[in-house]
Amino acid sequence: MSTDTSYTDVQDTKLGRKAAGPVEWLDDRLGLAGVARKNMRKIFPEHWSFMLGEIALWSFVVLLVSGTFLTLWFQPSMAETVYQGDYQPLNGIEMSHAYASSLDISFEIRGGLLMRQIHHWAAALFVAAMMIHMMRVFFTGAYRKPREVNWLIGVGLLVLGMVEGFAGYSLPDDLLSGTGLRFVNGMIRSVPFIGSYVEFFVFGGEFPGDVIIPRLYMAHILLIPALILGLIAAHMLLLIYHKHTQWPGPGRTNDNVVGYPMLPVYAAKAGGFFFVVFGFTALFSTFIQINPVWTYGPYNPSEVTAGSQPDWYMGFSEGLVRIMPGVESTIFGWTFSWNIFVPGVGGLGLLFTSLALWPFIERWITGDDREHHLLERPRDNPTRTGLGAAGITAYLVGLLAGGNDILATKFSLDLFALTWIFRFGFFLFPVIAFLITKRICIGLQHRSNDLVLHGYETGVIERSPEGGYSERHAPLPVGEQYAITARERTPELEAAETVDANGVEAPKKHRAKLRAKLRDFYYSGALDKPTVDDVHHAEEHLGHFEGHPNELGEDFQGVSDAGVPKVH
């Protein structure tokens, strides 16, 4: 039996010869070959945490596909009609065409309910994936120079994703979504001086008006998706231009990327991951009900759904409004509702402004103007990790406060006591989370240094001639040592210069003092990595244990926390 091992280049095959003409025509006019040759072999590093951005990307693709299906039957009109459809409990009820078409999609269009559920689950997944992806970027320092612009694009995508989700959530014109619109209307009206004018502009008159659903529909299917697509394209182009960040490890430096090429490896894995994301979204949509609009009924401005809650990513804003004391003031006939404007508009504004400015604030504090292509482990920057944990805690307090009535009802708690707990907790819990997280990070830094200098436990007990017992330690593999010690050293902190060499007072001494104090705070408690001399001394010590060579075999990888050998 013979085996044919000959190989034919694609351009020499029948299909290749037929495609050569059109491809050559396009290349002559667009220069695609040079661009493709360079970028199709682009190297991307491999790590599970990099999938978070892909989940956001593919869930957005699912949103586009499912949303296109829904637009074929949805009627974005607030004109009144009498429902005569398959859902019998609402027959004969007056409602808008928007709500009636939502019911028709759910009960009369084949596959309509499944598509509605897929669209809603994909929207929740899209925002969640963006949030977690940004947390990964924040905690690992991936936003540092030269990626500040990409970080700003990410913040913009998060804002647009939340607005897009709210707009889509409001389109069915049911009682629950109408209550959410009423909340946003209150936030708009609370803006000093211009609030009522903005309300009449947005709603086409006094709330609810008769144009808000068509306007939200156009923003939801056209304006905001176009902006998101543009920002995603810019985000990906900058990712390719700057190259992807990577975790420290053997052979990985600030000047290279270790991983797999775009084609064929990365493209195949990313393409397969799309079907994983779509499959899980479809699975959730099949077995877990979300937003059953038929149970709420059509929107009526005089009614409010009992226990109504916004989508989880908007709950933070409502929670801040609920825990804010009722503070209003009237000046020259103008009423200022600070209890709504400060937590609602100000809270969201402060959140996204802080996120957008953080890379520049950190850069000013540290004075670090270098390019960074290697990621930091969260433990290696305790202050930043602690601040991130504090921010997440504040967000969770606001989210829980947005459901204080549900918590009080389900757990038989006092509503007013819960409100006061959340009021104090919004300021106290983040501080506690910061202190605990920073202490944990510093403890993990000590543990990492201890692993480098003392090695890992082998589980092998030796008895000395004097009768004492001790456990052998073996040095970490060189690759693991490098990954742990690849972090940067803590810079030497200097006092602020308030006078020059001639003793003349510096014009910006107060700014210099503030920066010096913030720098001390930023680096306080951080533990430096071992020096080269420390590592060499540890290797000599670990090479011999009580006069005996510490030879354990190449297959031995230490013991687990339970004392059981991992490989033996």
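# Working through a predicted fold

Of the 568 residues in the protein, 41% are buried. Keep in mind that this is a predicted model. Grab the structure and let's go.

**Exercise 1. Get the overall picture: how many helices and strands are there in the protein, and what share of the contacts comes from residues 24 or more positions apart?**

Start with the secondary structure: the protein has 18 helices and ten strands. Next, take the contacts with a separation of 6 or more; 73% of them join residues 24 or more positions apart. The accessible surface is about 31,800 Å², and carbon and sulfur atoms hold 65% of that.

**Exercise 2. Work out how helix α7 sits against helix α8: which word describes the crossing, and which residues meet?**

First, find α7 at residues 175-189 and α8 at residues 195-203. Their axes come within 7 Å and cross at roughly 140°.

Then list who meets whom. From α7 come L181, N185, I188 and R189, and from α8 come G195, V198, E199 and F203. Sorted by class, this contact has four nonpolar, two polar and two charged residues.

Last, look at the linker. S190 is in the loop between α7 and α8. Is S190 buried or exposed? The cut-off for buried is under 20% relative accessible area, so S190, at 6%, counts as buried. Leaving out residues up to four places away in sequence, S190 touches S337, I340, F341 and V345.

**Exercise 3. Decide how enclosed helix α4 is, and say what its buried residues pack against.**

Count first: α4 runs over residues 97-107, and eight of its eleven residues are buried. The buried ones are A98, Y99, A100, S101, S102, L103, I105 and S106.

Now for the neighbours. These buried residues pack against helices α3 (51-71), α5 (112-140) and α9 (212-242), plus strands β2 (80-82) and β3 (94-96).

**Exercise 4. Find the largest nonpolar core: which residues have the most contacts inside it, and which helix gives the largest share?**

The core has 56 residues, and the ones with the most contacts inside it are F126, M131, W151, L158, M162, I228 and Y313. The largest share, twelve residues, comes from α5.

Zoom in on F126. Skipping residues up to four places away in sequence, F126 touches A56, S59, F60, L63, G161 and I228. Another core, of 20 residues, lies apart from the largest one, and among its members are A98, I105, I213 and Y299.

**Exercise 5. Trace two long-range pairs, L239 with N150 and W334 with P192.**

Begin with L239, which lies in helix α9. L239 and N150 are 89 residues apart in sequence, with 7.8 Å between their C-alpha atoms. Beyond residues up to four places away in sequence, L239 touches F44, N150 and H244.

Move on to W334, in strand β6 (residues 334-337). W334 and P192 are 142 residues apart along the chain, and their C-alpha atoms are separated by 8.3 Å. W334 touches F193 and S329, again not counting residues up to four places away in sequence. How accessible is W334? W334 has a relative accessible area of 38%, so it is partly exposed.

Conventions. Residues numbered from 1 in each chain as written. Predicted model: local features only at pLDDT ≥ 70, side-chain atom pairs only at ≥ 80, totals over all residues. Heavy atoms only, no water. Helix = DSSP H or I, 4+ residues; strand = E, 2+ residues; numbered from the N terminus. Buried < 20%, exposed > 50% of the residue type's maximum accessible area, 1.4 Å probe, protein only. Contact = heavy atoms within 4.5 Å. Areas by Shrake-Rupley, 256 points an atom, 1.4 Å probe, with all protein chains shown as cover. Axes fitted to C-alpha atoms, helices over the stretch in contact; angles between N-to-C directions. Nonpolar A, V, L, I, M, F, W, Y, C, P; charged D, E, K, R; others polar. Core = buried A, V, L, I, M, F, W, Y, C linked by side-chain atoms within 4.5 Å.
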